[in-house]
Every structure is written in C-alpha cells, then in structure tokens.
Amino acid sequence: MWELVEVFRDEAMLAGFAQIIPPMFEDIAVFTRLGESTDVVTKELYDLEDNGGRRLALRPEFTASVCRAYVQERPLIPWKAWYAGPAFRQERPQRGRYRQFDQVGAEVIGSHDPDIDTEVIALAASFYRRIGLNQVVLLINTLGDQADRPRYLEALRGHFSADLDSLSEQSRHTLEANPLRVLDSKRPADADLVAAAPLLIDYVSDDAASAFQRVQGGLRALEIPFTIAPRLVRGLDYYTRTAFEFASSALDAAQNAVGGGGRYDGLVADLGGPEEPGVGFALGVDRTLLACDSEGVFDPQPASPQVWVVAATAGTEALQLTAELRRAGLSVNRSFDGKSMKAQMKAANRSAAPVAVIVGDQEVADDTVSLRLMQGDGNQAVVARREMVSKVKELLQL
Ligand code: HAM
C-alpha cells in the first residue's frame, strides 16, 4: 500500500499540491452536508457520541474535511492539497467494498478554471499510468450548476412518474428523496427507464456546457482517453459541473470504480465559508491494489534480501553485522532461535540472497568475516571486518 501512496505523493508534489492530514473523526455536521439523501450519509456514516455528548462521525471521505479546514485556516487560493489515509463507511463488506478502506486524493479550492478540472484528472491518470495499470478507463460527465438542477429534476420526476409501476420499489422511494439518484440504480428492473431518462447535458447552462467542452479539449490535448457517460451522477450530493470516475475492467462490475471525483462549487459555502469553488478526486487504494493483482502489476514473489547473515557464535555478532549492513542501505535478514550452521545456510539458500556473511568463533578472534557468493561456484573469502560493507557491495556490483 505504501508504495502506491509514495507514487501518489510524488505525482501530487510535482503538480504543486501540499499534504494535509485531516482528523479521522469530526463533528457530524461536517459530513451530513454531503447530502441528506445519499447512502453515505443516511446509512453508512459511523455516528458516535463522546463523553461530552458531542456527536462525531468517522470520516466517510476527505473532501468535506478539507473544505472545513479551508474555511478555518483560509490559505491562499488556489489552494492545492493532497491526502492519504483510511475512511469508514458502514457497508456490507464484500470484495472491493470494506467498512475501513484507504483513499489517496487531491483537492483544489478557489478556482473556476476548467483547466484545473483537467489538471486533477491528469494527476489521477498519471498515477494509474505510473503504477502500471492499463485497464482503467475514464468516464466523464457534467452535472451543471445548482441553478440548472430544478429544471432537470422536474424532467426526471416527470419521466419516472409517468411509468411508476415499472420502477423498483427502492427507486420509487429514492425518486421522492432525490430523482438524480435513481440514475445510479443498478437494479435490472430499472434499467430500461433509466436508459430512456432525459439527459442532464440537455439542461445545463451555456456556461457549464462550454466549461465541459474546455475540459474535454484539455484531456484531448494531454492525450488522456475518456468516454462521456451522460448518466454518471456519483454517490455524493455536492457535485456540480465536471464529474468523473475511473473504472477498472479488470474488476467485477459492481466494484469496478477505482476512483472518482469532480467539482463541488457549493460545498465550501455550505460549510460556512466564502463562495469558493472546488474540484478534486479520491482514489480507492484497496480497489487499486485489487486491480493491480488482476492485471499482474506486482511481482508475486516478495523481494529477496541482498544479504543473509549466518552466525555460529553465542555473542551479539549477528545483531551487530545485520545492523551495520542495513545502515549501509542493504536489505539484510538472518535466522533466529539458535539454529545450527547447517540450518542457517539452508535458510540463506532458500532466501535467494546473493551473498551470505558468515561469522564463527575463528572470525571473531581474527576480527574478520567470511563472504560467500550463494550462486555460481559458492566462492568463499575471508575479509577484514572493517571492509565487510565495501566488499559486500563489490560482490553485489553496487
Ligand atoms: P467516492 O466515489 O465515494 O468519492 O470514493 C472514491 C473511491 O474510494 C471509490 O472510487 C472507491 O475506489 C473507493 N471506495 C469508496 N467506498 C469504498 C469502500 N467501502 N470500500 C473500498 N473502497 C471504497 C469520494 O470519496 C469523494 N470524496 C471523491 C472526491 C474528492 N470528489 C471530489 N473530491
């Protein structure tokens, strides 16, 4: 997991993002703003009460916390922040869907420029490219502005209400709370009606439509392939304008979203801040790792150490030699539990370490160590103890 976080940090820093470490739990009001009609808030939030009777929630995501931090600290805009860490949602656990999962993500607060949308999408795309995932596709849509919403919701309500009997019972409830969410229904009963539903793109303002064109032009200019998904609505309510998802075709369709994000131009104000727009994304680390497994990105064999220390002495030589070699930046391992010389050599062989450092009573008396090349002719040489590190590096051709 940390390898992925390191790659992400590298990419984020190249793009001018600074790290933010938000708390894992906050006042519940920070998260209820994510949408009263979303599963994340109504069903999945871990809702706690502390000794003082304060209602807290384990964070289900980071965006609301980042906006809350922005409102409190008011850094210079545009403010670019990246993060990594666990998030919590009460879900029915299954492959790719957990109650605790990790996200890495990035947010930009304070700019309306659609080039920023393109830039954050490019950041996510370069992360996937760098870790070697090839079967990840980018889906994009525009959700228009809040002002465009009522007309579209009206059209959606009209569309679904005209054929209410064909709609699943769950979706009928959803329709009352938030018609937009019906588009997210994966239930087969709803498929035909959802497919025939009016499209948001036909209801957005000229301004939002031209911003969407600009984002598409930017992605083309950067040669980032994408597909327009006119029914993509995302699972949180704060989105406006650009919305996107990265889906892995190497994963089961139900849990194939390895990341997603978009614009949230009203969230900062909703949290009591100024009218500052925002855009960002989060990538699911657990699902990304599953996709890596499916695509065979990582070598399934754990890396073998460079050196194995074999000690046939009762003293602390094994501890000291191992520590000295590690300080020199070499990966080193050894046996424990007073194993016989033969058992230790067997372990050295099994580890596939190219070099063994061997120390017995004679070596201790002479202030030397023996170095053995584990491959080839098994050549062994005695060297002065103070030359051990440089000789080992020579053997490893470092
Ligand atoms: P999200 O789509 O809810 O968006 O989550 C982003 C990613 O986190 C998903 O694509 C998925 O890979 C992973 N994920 C979500 N829930 C789970 C789970 N239960 N188990 C495993 N992985 C999961 C957000 O969280 C937004 N905050 C993204 C964003 C940032 N939008 C703007 N800025």
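Modeller: H1 and H5 are oblique to each other, a word for angles left over once those under 35 degrees are taken as roughly parallel, those over 145 as roughly antiparallel and those from 65 to 115 as roughly perpendicular. The helices and strands named here are DSSP runs, numbered from the N terminus, with at least four residues of H or I for a helix and at least two of E for a strand. This is a predicted model, in which local features need pLDDT of at least 70 and side-chain atom pairs count only at pLDDT 80 or more, while totals for chains, interfaces and linings use all residues. Residues are numbered from 1 along each chain as its sequence is written, and side-chain values use heavy atoms, with hydrogens and water left out.

Helix H1 covers residues 2-14 and helix H5 residues 114-131, and the two pack at an angle of about 135° with axes 10 Å apart; axes are lines fitted to C-alpha atoms, for helices over the stretch in contact, and angles between N-to-C directions run from 0 to 180 degrees. H1 passes H5 in a right-handed crossing, meaning that the near helix is turned clockwise from the far one by less than a right angle, anticlockwise being left-handed. From H1, the contact (heavy atoms within 4.5 Å) involves Leu 4, Val 7, Phe 8, Asp 10, Glu 11 and Ala 12, and from H5 it involves Leu 123, Ser 126, Phe 127, Arg 130 and Ile 131.

H5 also meets helix H10 (residues 206-221), the axes coming within 8 Å and crossing at roughly 40°. That makes H5 oblique to H10 as well, and this crossing is right-handed. Pro 114, Asp 115, Asp 117, Thr 118 and Ile 121 of H5 meet Ala 211, Arg 214, Val 215, Gly 218 and Leu 219 of H10.

A polar atom of the Asn 141 side chain lies 2.9 Å from the backbone oxygen of Leu 232, and one lies 3.4 Å from the backbone oxygen of Ala 229. Setting aside residues up to four places away in sequence, Asn 141 touches several others, among them Phe 212, Pro 230, Arg 231 and Arg 241.

Arg 287, in helix H12 (residues 285-295), is buried too, at a relative accessible area of 15%. A polar atom of the Arg 287 side chain is placed 2.6 Å from the backbone oxygen of Gly 96, and the C-alpha atoms of Arg 287 and Tyr 98, which are 189 residues apart along the chain, are separated by 9.9 Å. Beyond neighbours within four places in sequence, Arg 287 is in contact with Gly 96, Arg 97, Leu 251, Gln 255, Ala 257 and Val 258. Just after H12, Gly 296 takes a positive phi of about 65°.

Key:
Buried means under 20% relative accessible area, exposed over 50%, partly exposed in between (1.4 Å probe, protein chains only). A polar contact is a pair of N or O atoms within 3.5 Å; within protein, one must be able to donate a hydrogen and the other to accept it, and residues adjacent in sequence count only if both atoms are side-chain atoms.
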